[in-house]
Amino acid sequence: MELELLREYFPQGTNGELLHNGESICFTIELPWKNNEKKISCIPEGKYSVIVRCNKEFGWHLLITGVLDRDGILIHPANDALKELKGCIAPVTKLTSAGCGSSSKKALQKLIEKVNEGMENGSVYLIIKKK
């Protein structure tokens, strides 16, 4: 399964739309692009593997692997990229401004359901590109 994240870049944050087979799953928020610097930049455009996992801090979430010079990149709930993210991606139901959105936990639940379906048939990949 391939998920496609189409991004728009702004000085205050990065907004995106996450699609599967051309159908929207949710929107996303991220930190602004700052040359892939750890904890202050969104990750580079590219193709990455995605797996579902659970831990005490975030509960159920997604792990993105294969990011150049970065590790621990997650897709987890957040509604304000600058306040709540350190390089990760947050799914949101609605975009409210650059790097901000709403109903992140609801969007993550929907996304995890879709990824679980894809994992039943093999690997899941995230393809990130500019809108």
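Here is a short walk through some paired strands and the nonpolar cores of this structure.

The model is predicted, so to speak of local features a pLDDT of at least 70 is needed, side-chain atom pairs count only at pLDDT 80 or more, and totals for chains, interfaces and linings use all residues. Residues are numbered from 1 along each chain as its sequence is written, and side-chain values use heavy atoms, with hydrogens and water left out.

Let's start with strand 4 (residues 46–55) and strand 5 (residues 59–65), which run antiparallel and are joined by seven bridges. Strands here are DSSP runs of E, at least two residues long, and helices are runs of H or I, at least four, all numbered from the N terminus; two strands pair if DSSP finds at least two bridges between them. A hairpin of three residues links strand 4 to strand 5, and Asn55 sits opposite Gly59 of strand 5.

Strand 5 also has strand 6 (residues 73–75) as an antiparallel partner, through three bridges. There, Leu63 has Leu74 in strand 6 as its bridge partner.

Now for the nonpolar cores: sets of buried Ala, Val, Leu, Ile, Met, Phe, Trp, Tyr and Cys residues joined through side-chain atoms within 4.5 Å, where buried means under 20% relative accessible area (1.4 Å probe, protein chains only). The largest has 23 residues, and Leu3, Leu62, Ile64, Ile75, Leu111 and Leu126 touch the most other members. Elements giving it two or more residues include strand 4, strand 5 and strand 6, but helix 2 supplies the largest share, five residues. Apart from this core lies another one of ten residues, including Ala78 and Val92.

Conventions. Buried < 20%, exposed > 50% of the residue type's maximum accessible area, 1.4 Å probe, protein only.
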